[in-house]
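Hi,

Here is the structure I promised to send you. Have a look at it first, and then read my notes below.

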Amino acid sequence: MKILVIPDIHLKPWIFDRAEEILRAGKADMAVCLMDIADDWEMYFQIGLYEETYDRAIAFAKAHPETVWCCGNHDISYEWGRLETGYSPYAEATVIRKLRKLTEAIGTQEIPFAACIDKVLLSHGGIGDKFVKRLGKKLERKLSEEPITNVIVAINMTGPDMLWDADSPLWLRPQYDSVKLFRGEEYTQVVGHTPVEEITLKRGVISTDVFSTYRDGRQIGEKAFAVVDSETGTFEKVWIE
């Protein structure tokens, strides 16, 4: 299966427009959105842009119900009341309300943090071996030895006490650290979260956050989306104007 990866949005609703064009052109079978829909540099008072961006995400979810969504730290921070860089207290009520609307459009009780499609693991930051073992210890289970579906369910049922941590699927940065990935010999991981200059596959991780910007508004990465083969863990780039 060909999966179009929609990386970190950060108040850029046009990303959904480009993604929709790629899907309509038949270049991918489905999409995954790694979210971080909220927040960007100095956008604290731009409530209208917050509303526009979440509304575009909701419309995309309704138009493409097969899309997989993986919650980002900038989204769930509002639900959990965890302040961080870029957090807008002025947009707080808007984000919480729109996240509930998005959850309804997706058709789930909660927006998941992780997913697995064939031989690909999907999450905002990455799933590390250390985190799965730590979660298993808390649950008093040998989680790291259980089927992958059990692991994904356990992650998605976890709260801020475990997920608001540097080694969690919300915050992990496998690009910078010598992190042992969970079942890295078996699965390729697809992540956003960490801005990169180009989409790359390194040490079993496909990094896709190429639309984030510097403080002055310049885009950090190349103007491309990744389309990932869920069986082989390889990818190709689809360039946009």
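Predicted model: local features only at pLDDT ≥ 70, side-chain atom pairs only at ≥ 80, totals over all residues.

**What I found**

Now for the overall build. The protein contains seven helices and 10 strands. Its radius of gyration is 17 Å, close to the 18 Å that the globule rule gives for 241 residues, so the protein is as compact as a globular protein of that length. Along the principal axes, the C-alpha trace spans about 45 × 40 × 35 Å.

How much of the protein is buried? Buried residues account for 57% of the 241 residues. The accessible surface comes to about 11,000 Å², and 50% of that belongs to carbon and sulfur atoms. As for contacts between residues at least 6 apart in sequence, 68% of them join residues at least 24 apart.

Which residues of helix α6 (residues 148-156) are buried? They are Ile148, Val151, Ile152, Ala154 and Ile155. Seen down the axis of α6, these buried residues fall within an arc of 160°, so they line one face of the helix. What covers the buried residues of α6? The cover includes the strands β4 (114-117) and β5 (120-123), along with the helices α5 (129-139) and α7 (160-163).

Enjoy exploring!

Best wishes

How values were computed: Residues numbered from 1 in each chain as written. Heavy atoms only, no water. Buried < 20%, exposed > 50% of the residue type's maximum accessible area, 1.4 Å probe, protein only. Helix = DSSP H or I, 4+ residues; strand = E, 2+ residues; numbered from the N terminus. Arc of directions from axis to C-beta. Contact = heavy atoms within 4.5 Å. Rg over C-alpha atoms; globule rule 2.2 N^0.38 Å. Areas by Shrake-Rupley, 256 points an atom, 1.4 Å probe, with all protein chains shown as cover.
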